Amino acid sequence: MKRKKLLQKLQSFLDKPDAARKKDIKKAHDLIKELGDKQAKLESKLDEATDEKERHKIRKNIEVIKLQREKGADLLSELRGEADEH
């Protein structure tokens with residue numbers, strides 16, 4: 001899946017109410033994992049890139065993915081904690 005589509009799916013998950021999110025914990029985990037894979041690919045692509053404009057664009061994409069993964073991971077751990085309490 002493309003980076004933009006993965007980010008849209010994660011944002012959609014983050015925008016859902018808590019009750020709906022609890023049902024989709026597995027999907028969210030998979031999305032975060034896919035974003036991690038995408039981030040790793042971009043990081044290796046960054047090592048190979050020589051054009052400074054291209055490097056800047058890749059760094060920007062990596063930063064967006066990193067921030068979204070952190071936000072998703074925080075929410076996921078919060079939801080898992082709530083799910084364990086019930």
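Predicted model: local features only at pLDDT ≥ 70, side-chain atom pairs only at ≥ 80, totals over all residues.

**Entry 1: a pair one turn apart**

I began in helix 3 (residues 25-48), where Asp30 and Lys26 sit 4 residues apart and are therefore separated by about one helical turn. I then looked up what joins them: Asp30 and Lys26 form a salt bridge, and their closest N and O atoms are 3.1 Å apart. Next I checked how open each partner is. Asp30 counts as partly exposed because its relative accessibility is 31%. Lys26, at 56% relative accessibility, counts as exposed.

**Entry 2**

How many salt bridges does a search of the whole structure find? I noted 2. Besides the pair above, I found Glu52 in a salt bridge with Arg59, with 3.5 Å between the closest N and O atoms. I looked up the cover of Arg59 as well, and this residue is partly exposed, with a relative accessible area of 36%.

**Entry 3: stepping back**

After those details I wanted the overall plan. I counted 4 helices and 0 strands in the chain. Reading from the N terminus on, I get the order α-α-α-α. For the extent, I noted that the C-alpha trace spans about 50 × 20 × 15 Å along its principal axes. The chain has 86 residues, and buried ones make up 30% of them.

**Entry 4: residues under cover in helix 4**

Is Ile65 buried or exposed? I found Ile65 in helix 4, and at 0% relative accessibility this residue counts as buried. I also looked up a distance from here: Ile65 and Asp51 are 14 residues apart along the chain, and their C-alpha atoms are separated by 21 Å.

Ile58 is found in helix 4 too. Ile58 is buried, with a relative accessible area of 3%. I checked Ile58 against Leu46, which is 12 residues away along the chain, and their C-alpha atoms are separated by 6.3 Å.

Then I turned to a polar residue, Gln68, which is also found in helix 4. Its relative accessible area is 13%, so Gln68 is buried, the cut-off being under 20%. What does the side chain of Gln68 make a polar contact with? I found the side chain of Gln11 as its partner, at 3.3 Å.

**Entry 5: a patch of negative charge**

My last stop was the surface. Which residues gather there in a patch of negative charge? I listed Glu63, Glu70, Asp74 and Glu78. I followed up on two of these residues.

Asp74 lies in helix 4, which covers residues 52-85. Asp74 has a relative accessible area of 54% and is therefore exposed, as the cut-off is over 50%.

Glu70 has its place in helix 4 as well. At 40% relative accessibility, Glu70 counts as partly exposed. I looked up one distance from this residue: the C-alpha atoms of Glu70 and Ala40 are separated by 15 Å, and the two residues are 30 apart along the chain.

**Entry 6: what I am keeping**

- Ile65 is buried at 0% relative accessibility.
- Gln68 is buried, and its side chain makes a polar contact with that of Gln11.
- Glu70 is partly exposed and belongs to the patch of negative charge.
- Asp74 is exposed and belongs to that patch as well.

Conventions. Residues numbered from 1 in each chain as written. Heavy atoms only, no water. Patch = residues over 30% accessible without salt bridge, like charges linked within 9 Å, V, L, I, M, F, W, Y side chains within 5 Å. Areas by Shrake-Rupley, 256 points an atom, 1.4 Å probe, with all protein chains shown as cover. Salt bridge = Lys/Arg side-chain N within 4 Å of Asp/Glu carboxyl O. Lys, Arg positive; Asp, Glu negative; His and termini not counted. Charge placed at Lys NZ, Arg CZ, Asp CG, Glu CD. Helix = DSSP H or I, 4+ residues; strand = E, 2+ residues; numbered from the N terminus. Buried < 20%, exposed > 50% of the residue type's maximum accessible area, 1.4 Å probe, protein only. Polar contact = N/O pair within 3.5 Å; in protein donor to acceptor, adjacent residues only side chain to side chain.
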